[in-house]
Amino acid sequence: MTQTPSTKGYEVVDFASIPGVPCPCGTAKRGLADVEDYPGTIHVTEISLEAKVHYHKQLTETYFFLECGEDAQMQLDDEIIPVHPGMCIMIRPGTRHRALGKMKIVNIVYPKFDPEDEWFD
C-alpha cells in the first residue's frame, strides 16, 4: 500500500489498513516505506511457527515484542534466548536469526527494508 507523504511535519500510519505480506518470519505489515525523508521502515509482524533462519547484509532490525507465547524464544546465531512481551532485541547485519514460537512484534528496520537483503544459508 502506498502511503501519501504529508505536507505536515508528521506522518500517520494505520497498520489496520496495510495488507500483510509474507516474510521469512511470517506476515509483515510494513509502514513508512514510501516516506522519502524517513530513513527506515516500521513493521508489525505476526511470527509464524515456520519462521526461517535468515540474515541481512545491510539491514539492522530491532524487534520489540508485543505478544509472546510462554515458550517464545529467539535464535541469534548459535544462541537461543527466551523472550517475553516488553523485551527488545537489536539485530545487527550478518546475525543469523529467527523467532521460535508464535508472537507479534514491532520491527524497526534501518535503512529502509529491502527484500533483496534477505539471505539464507
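1. Histidine 97 has a relative accessibility of 1% in this predicted model, and because buried means under 20% relative accessible area, this histidine counts as buried. Histidine 97 lies in strand E8, which covers residues 97–100. Its side chain is joined to the side chain of glutamate 61 by a polar contact of 2.8 Å. When neighbours within four places in sequence are left aside, histidine 97 is in contact with residues including Lys52, Val53, His54, Tyr55 and His56, as well as Glu61 and Tyr63. Also among the contacts of histidine 97 are Met74, Gln75, Leu76 and Ile91.

2. Which residues are closest to the centre of the largest cavity? The structure holds 1 cavity of 30 Å³ or more, and the volume of the largest cavity is about 100 Å³. Of the 16 residues that line it, Cys23, Cys25, His43, Glu61 and Asn107 are the closest to its centre. The lining of the largest cavity is drawn from several strands, and strand E2 (26–31), strand E3 (41–47), strand E4 (60–68) and strand E9 (103–110) each supply at least two of its residues. Strand E3 gives the most, with 3 residues. Sorted by class, the lining has 8 nonpolar, 5 polar and 3 charged residues.

3. Next come the charged pairs. Side chains of opposite charge can pair when their charged atoms come close. The count for this model comes to 2 salt bridges. In one of them, the side chains of lysine 104 and glutamate 46 meet at 3.8 Å, N to O. Lysine 104 lies in strand E9 and glutamate 46 in strand E3, so this pair ties together parts that are 58 residues apart in sequence. Lysine 104 counts as partly exposed at 23% relative accessibility, and glutamate 46 is also partly exposed, with a relative accessible area of 41%.

4. The side chains of aspartate 121 and arginine 96 meet in a salt bridge as well, with an N to O distance of 2.6 Å. Arginine 96 lies in the loop between strand E7 (88–91) and E8, and aspartate 121 in the segment after E9, so the pair ties together parts that are 25 residues apart in sequence. Aspartate 121 counts as exposed at 73% relative accessibility, whereas arginine 96 is partly exposed, with a relative accessible area of 28%.

5. Most residues other than glycine have a negative phi, and most peptide bonds are trans. In this model, a cis peptide bond joins tyrosine 110 and proline 111, with omega at about -15 degrees, and proline 111 lies in the segment after E9.

6. Aspartate 77, with phi near 55 degrees, lies in the loop between strand E5 (73–76) and strand E6 (79–82). At 37% relative accessibility, aspartate 77 counts as partly exposed.

7. Valine 35 is buried, with a relative accessible area of 3%. Although valine 35 and glutamate 11 are 24 residues apart in sequence, their C-alpha atoms are 8.3 Å apart in space.

8. Isoleucine 108 lies in strand E9 and counts as partly exposed at 27% relative accessibility. Its contacts, leaving aside neighbours within four places in sequence, are with Thr41, Ile42, Thr60, Glu61 and Thr62. Isoleucine 108 and methionine 87 are 21 residues apart in sequence, and the C-alpha to C-alpha distance between them is 14 Å.

How values were computed
Residues numbered from 1 in each chain as written. Predicted model: local features only at pLDDT ≥ 70, side-chain atom pairs only at ≥ 80, totals over all residues. Heavy atoms only, no water. Helix = DSSP H or I, 4+ residues; strand = E, 2+ residues; numbered from the N terminus. Buried < 20%, exposed > 50% of the residue type's maximum accessible area, 1.4 Å probe, protein only. Polar contact = N/O pair within 3.5 Å; in protein donor to acceptor, adjacent residues only side chain to side chain. Contact = heavy atoms within 4.5 Å. 1 Å grid on protein atoms, 1.4 Å probe; cavity = no way out; pocket = protein on both sides within 12 Å on 5 of 7 lines; lining within 4 Å. Points joined across faces, edges and corners; volume = space filled by probe spheres on them. Nonpolar A, V, L, I, M, F, W, Y, C, P; charged D, E, K, R; others polar. Salt bridge = Lys/Arg side-chain N within 4 Å of Asp/Glu carboxyl O.
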